[in-house]
Amino acid sequence: MFSLHYFSRQRLILITTMLFMAFMISACGTGETGNGSNGEAVQTTTADSSQAGEANSVEESGMKTVSTINGDIEIPVNPQRIVAEEYLGSLIALDVIPVGAPGLTIQNYYFRDSLQGIEDIGDYGKPSIEKIVALNPDLIITGNGEKTYEQLSKIAPTIVIPYGDLKNAHEELTHFGELFGKEEEAKTWLEAYDRRIAEAKAKVDAAVPADATFSIMEDGEKSTWVYGDNFGRGGQPVYQALGRKPPSGIAAEIMEKQWAELSAEMVSQYAGDYIIMTANTRTIEDFKADPIWSTLSAVKKGQMYIWPEERSWYYDPLAVLAQTEELAEWLSKKN
């Protein structure tokens, strides 16, 4: 599936430098969306990662101690063969390219076409121990360590950062910037991110009333799911980046629990003035023809945005930036 062409170290440095400069130039420009329906792709690293283990001789060696939920552990100062079972997008933003990751994250809509050479380690949350061993990692990063930490930590130093502990792009990039000694790179990336988010928010604020409510939903055929601000599906872009709010009656529940399953009778209670809906098969016309959904203001007024799970599920900084700009483009044209 992925090219295994080996780049030289010098070529890798040149490529990543040029791409980073391109990202900064685009950030200072019009702030177009990334890899969505209305803009160019968010800039990401295009280099093949399989050469990572070949440059140890020119890299700083040594170990350092980091604090984790499993206690203090020793990790390489400059790890060369990282397996990232989680947080792939944040690593890419810092030009830290792992050698292995789950297929689901490798296929991330927002960088899958420009990322090459990362080995598939199996299912997200249930990686193949055999495949990880074969990659000979010197560091493993995971968000799902409850069942696998004992096995993974026998292969290489393993850092477990439970899903939800890092709640937004700033927390993720800052954390990994400190972990990999890339504090300045993280700061620079976040400054560009903040500029583009501010531009997107200004467009939405000019078009959508400040008191308009938003719901983040997913069609489950027999039921509907509703989400908070840190569970993908557009929650991070809408509630965090754009600063919008869910309906007041359900806001506390959604933000604390982060999700709820709704019966058909409960949909109207959770529906905001705008609905961001994940649906793979249903269209806006399908919802307008539904006896329950057709009664909702958001559906009547065409204030429902529908996108497939392959675009809405991801919540890494690269995805959130692209999603925010995509939604801002749609919202700014509603009025």
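**Salt bridges, burial and helix packing**

Author: Start with one pair. Glutamate 218 and arginine 233 form a salt bridge, with 3.0 Å between the closest N and O atoms. Glutamate 218 is in strand E10 (residues 214–219) and arginine 233 in the loop between strand E11 (224–227) and helix H8 (235–241), so the pair ties together parts that are 15 residues apart in sequence. Bear in mind that this is a predicted model.

Reader: What makes the pair of glutamate 218 and arginine 233 a salt bridge?

Author: The distance. The label asks for a side-chain nitrogen of Lys or Arg within 4 Å of a carboxyl oxygen of Asp or Glu. The closest N and O atoms of glutamate 218 and arginine 233 are 3.0 Å apart, so the pair meets the cut-off of 4 Å.

Reader: Why is arginine 233 called buried?

Author: Buried means under 20% relative accessible area. Arginine 233 has 14%, so it counts as buried. Glutamate 218 is buried as well.

Reader: Which residues does arginine 233 touch, leaving out those up to four places away in sequence?

Author: Ile216, Glu218, Tyr227, Ile276, Thr278, Trp307, Ser312 and Trp313. Glutamine 323 is 90 residues away in sequence, yet 9.6 Å from arginine 233 in space, C-alpha to C-alpha.

Reader: How many salt bridges does a search of the whole structure find?

Author: It finds 11. One of them joins the side chains of glutamate 325 and arginine 196, at 3.0 Å from N to O. Glutamate 325 belongs to helix H14 (residues 317–332) and arginine 196 to helix H7 (residues 183–207), so this bridge ties together parts that are 129 residues apart in sequence. Both glutamate 325 and arginine 196 are buried.

Reader: What about aspartate 290 and arginine 282: are they buried or exposed?

Author: Buried. Aspartate 290 has a relative accessible area of 19%. Arginine 282 also has 19%. The cut-off is under 20%, so 19% qualifies. The two form a salt bridge, with the closest N and O atoms 3.3 Å apart.

Reader: Which residues are linked in a network of salt bridges?

Author: Lys201, Asp205 and Arg244.

Reader: Back to the helices. Why are H7 and H14 called roughly parallel?

Author: Their axes cross at roughly 20° and come within 8 Å. Angles under 35 degrees count as roughly parallel, and H7 and H14 are therefore given that label. The crossing of H7 past H14 is left-handed.

Reader: Which residues of H7 and H14 meet?

Author: On the H7 side they include Trp189, Tyr193, Arg196, Ile197 and Ala200. On the H14 side they include Leu318, Val320, Leu321, Glu325 and Ala328. The residues of this contact divide into 12 nonpolar, two polar and four charged.

Reader: How much of the chain as a whole counts as buried?

Author: Of its 335 residues, 52%. The secondary structure comes to 14 helices and 14 strands. Of the contacts with a separation of 6 or more, 65% are between residues 24 or more positions apart.

How values were computed: Residues numbered from 1 in each chain as written. Predicted model: local features only at pLDDT ≥ 70, side-chain atom pairs only at ≥ 80, totals over all residues. Heavy atoms only, no water. Helix = DSSP H or I, 4+ residues; strand = E, 2+ residues; numbered from the N terminus. Buried < 20%, exposed > 50% of the residue type's maximum accessible area, 1.4 Å probe, protein only. Axes fitted to C-alpha atoms, helices over the stretch in contact; angles between N-to-C directions. Parallel < 35°, antiparallel > 145°, perpendicular 65-115°, else oblique. Left-handed = near helix turned anticlockwise from the far one by under 90°. Contact = heavy atoms within 4.5 Å. Nonpolar A, V, L, I, M, F, W, Y, C, P; charged D, E, K, R; others polar.
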